[in-house]
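Trainee: Hi! Could we go through this structure together?
Mentor: Happy to, let's take a look.

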Amino acid sequence: MKFFIDTANVEEINKAVALGVADGVTTNPTLLAREAGKAEDIYRAICAAVEGPVCAEVVSMERDGIVREARELAKIGKNICIKIPASKEGLMAVKILEGEGIRTVVTLIFSPMQALLAAKAGASFICPFVGRLDDTGQDGMEMVEQILQIYENYGFKTEVIVASIRHTLHVRDAALMGAHIATIPLKVIEQLIKHPLTDTGIQLFLKDWESVEKR
Ligand code: G3P
C-alpha cells in the first residue's frame, strides 16, 4: 500500500520523506488555508519535496472552469494531479482532462456508486472520505471494501486513495482490504510506529547493556 501524506505543510512532508513513507501528497483548500503563502508557491515547494503525485484541488464547479483551472495547475509540475469533487460537471471535466493526459482524483466520495461513476469517467484516482462518513454513523471502511470489490469485478485501473483517515485502525483496515493508497496526516503516521512494549523493551535492553562487560 502506498502512503500519501495529507497536508500542505512542507515541513511535515519532509518529515514523512525522511521516514520513507511519502509516496505522494494530498492537499485541499482547508489544508492550504492553514499555510502562509500563495497556493501556487506552496504547490511548487511540495512538488520539489516529493517525487510522487501531488494532488491539487480545483475550486471551479462547472466543467469548462474546472478544465481551465486544471490545465493551469498542471503546468506547475509534472507530478500535479487534479482533485475534482464528485459531481456531474466534475465527471465531465475528468473525461476531458484524462484524455489530455492530465491525471485526475475524484474527491469527496461517499458512496460506492460515486466511485463507480468516477472510474467509468476514467479518473486515475478516487478519494473516499472514511472519517467523515463514520461521523454520520455510516461505516467508512465498509464503503472502501465495496468500492474495491466493484473495481476488481470489472478490472478498473482507478486507484483508491483512502482519505479522511483519523486513526491507525483506518490504516490497518485499508491495508487489509488491499486499498492502493492511504493518505494520512503526519500525526497518524507517527502513531503507526509507536508501541508501548517497544518503548519498555528498548529501556530494558539499554539497562541490561550497562551490565555487559564491554572488553
Ligand atoms: O484528504 C481528505 C482529508 O484532508 C479530509 O480529512 O479529517 O478533514 O475529514 P478530514
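Trainee: Which residues are around the ligand?
Mentor: Asp 6, Asn 28, Leu 31, Phe 129, Arg 132, Ala 163, Ser 164, Arg 166 and Thr 183, where near means having a heavy atom within 4 Å. This is a predicted model, where local features need pLDDT of at least 70 and side-chain atom pairs 80 or more, while totals for chains, interfaces and linings use all residues. Residues are numbered from 1 along each chain as its sequence is written, and side-chain values use heavy atoms, without hydrogens and water.

Trainee: How does that shell split by class?
Mentor: It has 3 nonpolar, 3 polar and 3 charged residues. Asp, Glu, Lys and Arg count as charged, Ala, Val, Leu, Ile, Met, Phe, Trp, Tyr, Cys and Pro as nonpolar, and the others, Gly among them, as polar.

Trainee: How far is the side chain of Asp 6 from a ligand oxygen?
Mentor: An N or O atom of that side chain is 2.6 Å from an oxygen atom of the ligand. For Arg 132, a polar side-chain atom lies 2.7 Å from a ligand oxygen. The Ser 164 side chain also has an N or O atom 2.7 Å from an oxygen atom of the ligand.

Trainee: New topic: which residues lie nearest the centre of the largest pocket?
Mentor: Asp 6, Leu 31, Arg 34, Ile 165 and Pro 185, out of 24 lining residues. A pocket here is an open set of points on a 1 Å grid over the protein atoms alone, where a 1.4 Å probe fits, with protein on both sides within 12 Å along at least five of seven lines; lining residues have an atom within 4 Å of a point.

Trainee: And what classes are in the lining?
Mentor: The lining divides into 9 nonpolar, 7 polar and 8 charged residues.

Note on methods. Polar contact = N/O pair within 3.5 Å; in protein donor to acceptor, adjacent residues only side chain to side chain.
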